[in-house]
Amino acid sequence: MSTKVGYSIIIPMFNEEAVIQETYQRIKKVMVMTGEAYELLFVNDGSTDSCAQMIEEYSYWDESVSLIDLSRNFGHQIAITADMDYAVGDAVVIIDADLQDPPELILDMIKEWKKGYEVVYAKRVKRNGESLFKKWTASLFYRVLRYSTDISIPVDTGDFRLIDRKVCDQLKRLPEKNRFVRGLVSWVGFRQKAIEYERDERLAGETKYPLKRMIKLSLDGITSFSYKPLKLAGYLGALLSASGFLYLVYVMYLVIFTESAVKGWASMIGITLTFNGFVLIMLGILGEYVGRIYDETKGRPLYIVQEVYGGNLIAHKGID
Ligand code: UDP
Ligand code: MG
């Protein structure tokens with residue numbers, strides 16, 4: 001599709017009324033500095049506060065602003081995906097609404113993009129104002145992910161990145177339901193470039209990623225790109241049954257060649273519980289994969305749009 005929009009900025013928001021005005025102003029300021037045409041695509045991921053109304057209002061007097069209003073909360077990764085479907089820019093930038101990702105970095109991303117990189121991602125060298133627990137679990141997650149997958153997903157990198165139109169078009173061809181967008185971007189390939197930054201504290205409001213959602217995202221990341229957890233069952237099973245067999249040989253030796261009786265009620269219970277535990281854990285891992293297969297087979301749409309607001313989108317109607 002030919003377009004005059006240079007940059008599409010994708011901003012997912014879920015109950016961000018405390019920050020959204022500031023976010024809008026800061027991103028706007030940066031984009032004006034580019035001197036090129038741009039669109040600010042906000043997506044309302046089922047917020048229950050007034051952030052969507054605020055953006056809807058902006059869209060009436062600022063024609064660069066559009067709002068895609070989803071019918072309920074579909075989750076951050078789906079919200080980004082919905083926005084990508086609507087973006088028409090030659091380059092698409094994904095940025096959080098809470099100003100943890102400094103919008104000023106977009107200018108540096110654009111510089112690299114103009115040098116010919118199709119993906120410019122922002123790597124966090126430092127995270128400010130986040131709990132030790134969050135930093136530690138995030139760091140662990142990226143390392144587990146790196147170990148368990150065959151494609152190289154950069155560590156300490158969130159969704160804050162610029163992608164070229166070509167990459168965006170390819171991403172739109174990937175229909176999977178449990179999405180881990182940053183992994184998909186790596187999977188798609190193209191020339192990628194990292195730029196480093198310090199992740200700021202949330203301007204206001206609180207994180208929309210409680211532990212439960214972080215675990216879900218991590219599992220999506222790992223299961224979408226790796227079979228290693230499934231293989232683990234095989235390896236562990238082989239190891240355990242080999243050691244069980246060796247132990248049996250030892251016990252038989254004791255019974256046949258020595259006088260000592262083999263006592264073992266406590267150890268038997270211990271071993272039974274541990275091994276049953278292993279089996280259940282492996283079943284759980286299997287369940288993670290089976291559940292995702294089930295999600296894929298249902299063939300439901302990824303998201304449902306309730307309404308779109310904004311001049312640009314109306315001009316580009318026909319995109320579904
Ligand atoms: N977000 C969203 N839907 C959700 C959860 C989060 O659109 O279900 C948005 C949120 O408004 C923010 C971005 O995704 O713009 C990142 O979320 P958050 O800042 O809470 O995550 P954190 O930075 O704490 O990992
Ligand atoms: Mg945040």
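View 1. Over residues 268–290 the chain is 100% helix and 0% strand, with its end C-alpha atoms 32 Å apart. Residues 232–256 are likewise 100% helix and 0% strand, and here the end C-alpha atoms lie 36 Å apart. In an unreviewed UniProt entry, residues 232–256 and 268–290 each carry the feature "transmembrane region". The whole model, including both of these spans, is predicted.

**View 2. The two domains.** The protein is divided into domain 1, made up of 7–131 + 152–207 + 301–309, and domain 2, which covers 227–298. Between the C-alpha centres of domain 1 and domain 2 there is a separation of 45 Å. The unreviewed UniProt entry also gives the annotation "domain: Glycosyltransferase 2-like", placed at residues 8–170. Across residues 8–170 the chain is 43% helix and 25% strand, while the end C-alpha atoms of this stretch are 16 Å apart.

**View 3. The largest nonpolar core.** This core holds 61 residues, and those with the most contacts inside it are Ile-9, Ile-10, Ile-11, Leu-41, Phe-42, Val-92 and Val-93. Helix 3 (residues 76–86) contributes six residues, the largest share of this core.

**View 4. The surroundings of ligand 1.** Ligand 1 is surrounded by 16 residues, of which the closest are Pro-12, Phe-14, Ala-97, Thr-207 and Lys-208. Strand 1 (7–13) and helix 3 each supply at least two residues of this shell. Sorted by class, the shell around ligand 1 consists of six nonpolar, five polar and five charged residues.

**View 5. Tyr-117 in its loop.** Tyr-117 is found in the loop that lies between helix 4 (105–114) and strand 5 (119–127). Tyr-117 counts as buried because 20 other C-beta atoms lie within 10 Å, and the cut-off for a buried residue is 20 or more. Leaving aside neighbours within four places in sequence, Tyr-117 is in contact with Glu-112, Arg-191, Gln-192 and Lys-193. Pro-12, one of the residues closest to ligand 1, is 105 residues away from Tyr-117 along the chain, and the C-alpha atoms of Tyr-117 and Pro-12 are separated by 24 Å.

Key. Residues are numbered from 1 along each chain as its sequence is written. Chains are lettered from A and ligands numbered from 1 in the order in which they are written. This is a predicted model: local features need pLDDT of at least 70, side-chain atom pairs count only at pLDDT 80 or more; totals for chains, interfaces and linings use all residues. UniProt positions are given in the numbering used here, feature names are shortened, and annotations may be inferred rather than shown by experiment. Helices (H or I, at least four residues) and strands (E, at least two) are DSSP runs, numbered from the N terminus. A nonpolar core is a set of buried Ala, Val, Leu, Ile, Met, Phe, Trp, Tyr and Cys residues joined through C-beta atoms within 7 Å. A residue is buried if 20 or more other C-beta atoms lie within 10 Å of its own, exposed if 12 or fewer, and partly exposed in between; C-beta atoms are placed from the backbone. Two residues are in contact if their C-beta atoms, placed from the backbone, lie within 7 Å. Domain bounds come from an automatic or database domain assignment. A residue is near a molecule or strand if its C-beta atom, placed from the backbone, lies within 6 Å of it. Ala, Val, Leu, Ile, Met, Phe, Trp, Tyr, Cys and Pro count as nonpolar, Asp, Glu, Lys and Arg as charged, and the others, Gly among them, as polar.
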